[in-house]
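Please open the structure in your viewer and keep the sequence at hand.

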Amino acid sequence: MTSSVEDHGVGWSSLWDSGESDLWDRGKASPALVDIIEHESDLINPLNQNGSRKKAIVPGCGRGYDVVMLALHGFDAYGLEISETAVKEAEAYALAQIKSPSAYHFRSGEHRQGSRGSATFLKGDFFSSDWAFTEDIGGSTKFDLAYDYTVS
Ligand SMILES: C[S@@+](CC[C@H](N)C(=O)[O-])C[C@H]1O[C@@H](n2cnc3c(N)ncnc32)[C@H](O)[C@@H]1O
């Protein structure tokens, strides 16, 4: 029996639709990414030299934990998801967390003051380029940082 890449997308979407995201959902941002973003802040500065925000993308972002964490650290962060349900859950999660962030977004467990970027979620297949030509991604397909944790 063979299965195509398109079938994988349908498979992921049906897992989201049937409420089975707890199979992989660890419920918080990746601790190693939080570490790098805070520890290597000279190397991974969220701002360009002219003060504009850098753009980050997380393909297969699930509920959007890493997207929100990056936004809280000053990036304009984008999450890409093949599942419409995941996009909706991520949008609801981001709305609540940007207002009142959980401790796990910060290395010290404490909320760091600083300006926040935005968290935007897009529905699309990472392996197709369609999503890269929507206006939702701020007019340019260039990203400064990409982070993938088990997209597929
Ligand atoms: C194992 S989960 C990891 C989710 C998230 N990175 C996390 O750490 O919670 C993989 C996610 O990637 C999404 N996904 C799988 N294939 C994809 C594709 N081709 N394009 C976009 N998203 C995809 C799934 O819907 C699922 O939410």
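Begin by selecting Gly60 together with the ligand: a polar backbone atom of Gly60 is 2.9 Å from a nitrogen atom of the ligand. Please bear in mind throughout that this is a predicted model.

Next, select Tyr149. Here too the backbone is involved, with a polar atom 3.0 Å from a nitrogen atom of the ligand. Then turn to Trp16, where a polar atom of the side chain lies 2.9 Å from an oxygen atom of the ligand.

How much of the ligand's accessible area does the protein cover? On its own the ligand has 600 Å² of such area, and the protein covers 96% of it.

Now display the whole surroundings of the ligand. There are 16 residues around it, and those that come nearest are Trp16, Gly60, Glu81, Asp125 and Val151. If your viewer can show pockets, select the largest pocket, for that is where the ligand sits.

Leave the ligand and select the strands. Four of them form an open sheet in the order 3-2-1-4, and their pairing is parallel. Which strands stand at the edges? They are strand 3, residues 119–123, and strand 4, residues 145–146. Each has a single partner strand, so one side of each is left without a neighbour in the sheet.

Finally, select strand 1, which comprises residues 55–59, along with strand 4; the two pair in the parallel sense over two bridges. To inspect a particular bridge, pick Ile57 and look across to strand 4, where its bridge partner is Ala146.

Note on methods. Residues numbered from 1 in each chain as written. Predicted model: local features only at pLDDT ≥ 70, side-chain atom pairs only at ≥ 80, totals over all residues. Heavy atoms only, no water. Near = heavy atom within 4 Å. Polar contact = N/O pair within 3.5 Å; in protein donor to acceptor, adjacent residues only side chain to side chain. Areas by Shrake-Rupley, 256 points an atom, 1.4 Å probe, with all protein chains shown as cover. 1 Å grid on protein atoms, 1.4 Å probe; cavity = no way out; pocket = protein on both sides within 12 Å on 5 of 7 lines; lining within 4 Å. Sits in = over half its atoms within 2 Å of the grid points. Pairing = 2+ DSSP bridges. Helix = DSSP H or I, 4+ residues; strand = E, 2+ residues; numbered from the N terminus.
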